[in-house]
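Please prepare a briefing on the structure shown here, grouped by topic, with the cut-off behind each term.

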Amino acid sequence: MKDQFARTINYLRISITDRCNLRCFYCMPHQPEHLCHRDILSYEEIARIAALAASLGITKIRITGGEPLVRKGCAELVAMLKQISGIETVAITTNGTLLEHALPELCRAGLDAVNISIDTTQEATWRSITGYDGNMPDWPDLLQQCIGYGLKTKVNAVLLSETRNQWTELAALAEHLPVDIRFIEQMPIGQGKSSESETAQNVLQELRKQWPDLHPTEDMENGSPARYYQSKKLSGRIGLIAAMSNPFCSTCNRIRLTSTGQLKPCLSYGQCTDLRTLLRSGASDEKLLSVMGQCIYEKPQRHCLAAKTDKAEQQTMNRIGG
């Protein structure tokens, strides 16, 4: 399906929980108020919406949170989504702390790809960012396990002033592993409004000190927000997601479904369509398709992350879906 600006919308990000076992300072409050279980969509409700979305042209689904693996039965949802006609790819974004144990079941369910959020490879910094008192995962080993299962594997790192002197060390994970290391400009949403931001150009300049031949790749991923760079000394790629300094709204192909059943056409706006109420009041597929189609069609032309507007999203990222 196309929106009012002729963009093809084929990617649906589905948050299945607002809960997380980490407390990353840019994402959620240290002591968040969690949603009640009854307010969260069931897997059956999610699957129904996903099937309708597929009939509208959605081909890729990414499961997010909070941390999706804190919700029991995540692999069951993966299997349900993989059975939907038209859905070509089911992926998950995770903080990685629960992934090693979950990998076998997720892969048996048909998972295609995984993005792991890793802001640093230094444990002291990681603990400071996440507020976690457990052990930091062995990132190279975990990435190798994902690759061994045949998953398309990427690393997502939010650009933080606290990790500036560690960007090269993180990017070095791509020296011997065929993974994409993606650096993401922090967005002023929720808790992120109070943190100092860094730009994609800053990290590129820093990484070129280590890999001077970093150059843009010609093989662009359809609809991807990342601009990728390669080096002869890297097995993987470096990706830059510059939503603030170089917006990619003109090629945005995604919509979001929050854990409470709100369909969001744009991350930055509070605007959404309440599918949960329709689902639980007995709405027909035809009615749901109509309101979903209208929501997609009305997707805003560009984000409002740098603007002062009362229409901007006020919730924290764990509530919206990371």
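## Structural briefing

Cys249 is buried, with a relative accessible area of 14%, where buried means under 20% relative accessible area, exposed over 50% and partly exposed in between (1.4 Å probe, protein chains only). This is a predicted model, in which local features need pLDDT of at least 70 and side-chain atom pairs count only at pLDDT 80 or more, while totals for chains, interfaces and linings use all residues. Residues are numbered from 1 along each chain as its sequence is written, and side-chain values use heavy atoms, with hydrogens and water left out.

**Overall make-up**

- The protein has 11 helices and 12 strands, these being DSSP runs numbered from the N terminus, with helices of H or I covering at least four residues and strands of E at least two.
- Of the 322 residues in the protein, 55% are buried.
- When contacts between residues at least 6 apart in sequence are considered, 72% of them join residues at least 24 apart, a contact being heavy atoms within 4.5 Å.

**Cysteines**

- The structure holds 0 disulfides, a disulfide being a pair of cysteine sulfur atoms within 2.5 Å.
- Cys24 is in no disulfide, and the nearest cysteine sulfur, that of Cys20, is 6.4 Å away; Cys24 is buried, with a relative accessible area of 13%.
- Cys249 is likewise in no disulfide, the nearest cysteine sulfur being that of Cys266 at 6.4 Å.
- Cys249 is placed in the loop between β9 (237-241) and β10 (254-257), and its C-alpha is 9.5 Å from that of Cys266, which is 17 residues apart from it in sequence.
- Not counting residues up to four places away in sequence, Cys249 touches Arg7, Gln301, Arg302 and His303.

**Nonpolar core**

- The largest nonpolar core has 87 residues, among which Phe183 and Ile238 touch the most other members; such a core is a set of buried Ala, Val, Leu, Ile, Met, Phe, Trp, Tyr and Cys residues joined through side-chain atoms within 4.5 Å.
- Helix α1 supplies the largest share of this core, 7 residues.
- Ile238 touches Ala171, Ile181, Phe183, Leu207, Leu214, Arg227, Tyr228 and Tyr229, when residues up to four places away in sequence are not counted.
- In soluble globular proteins, nonpolar side chains tend to be buried together.

**Packing of α1 and α10**

- The axes of helix α1 (residues 43-55) and helix α10 (residues 285-297) come within 10 Å and cross at roughly 65°, with axes taken as lines fitted to C-alpha atoms over the stretch in contact and angles running from 0 to 180 degrees between N-to-C directions.
- This crossing of α1 and α10 is right-handed, a term for the near helix being turned clockwise from the far one by less than a right angle, with left-handed for anticlockwise.
- Arg48, Ile49, Leu52, Ala53 and Ser55 of α1 make the contact with Asp285, Leu288, Leu289 and Met292 of α10.
- The contact residues divide into 6 nonpolar, 1 polar and 2 charged, with Ala, Val, Leu, Ile, Met, Phe, Trp, Tyr, Cys and Pro counted as nonpolar, Asp, Glu, Lys and Arg as charged, and the others, Gly among them, as polar.

**Backbone features**

- Most residues other than glycine have a negative phi, and most peptide bonds are trans.
- The peptide bond from Gly65 to Gly66 is cis, with omega near 15°, and Gly66 lies in the loop between β2 (60-64) and α2 (74-82).
- Ala6 has a positive phi of about 65° although it is not a glycine; Ala6 lies in the segment before β1 (11-15) and counts as exposed, at 51% relative accessibility.

- Asn95, in the loop between β3 (89-94) and α3 (99-109), is buried, with a relative accessible area of 8%.
- Asn95 and Gly66 are 29 residues apart in sequence and 9.2 Å apart in space, C-alpha to C-alpha.
- Leaving aside neighbours within four places in sequence, Asn95 is in contact with residues including Cys20, Asn21, Leu22, Glu67 and Ser117.
- Ser117, found in strand β4 (residues 113-117), counts as partly exposed at 28% relative accessibility.
- With neighbours within four places in sequence again left aside, the contacts of Ser117 are Thr93, Thr94, Asn95, Trp139 and Asn156.
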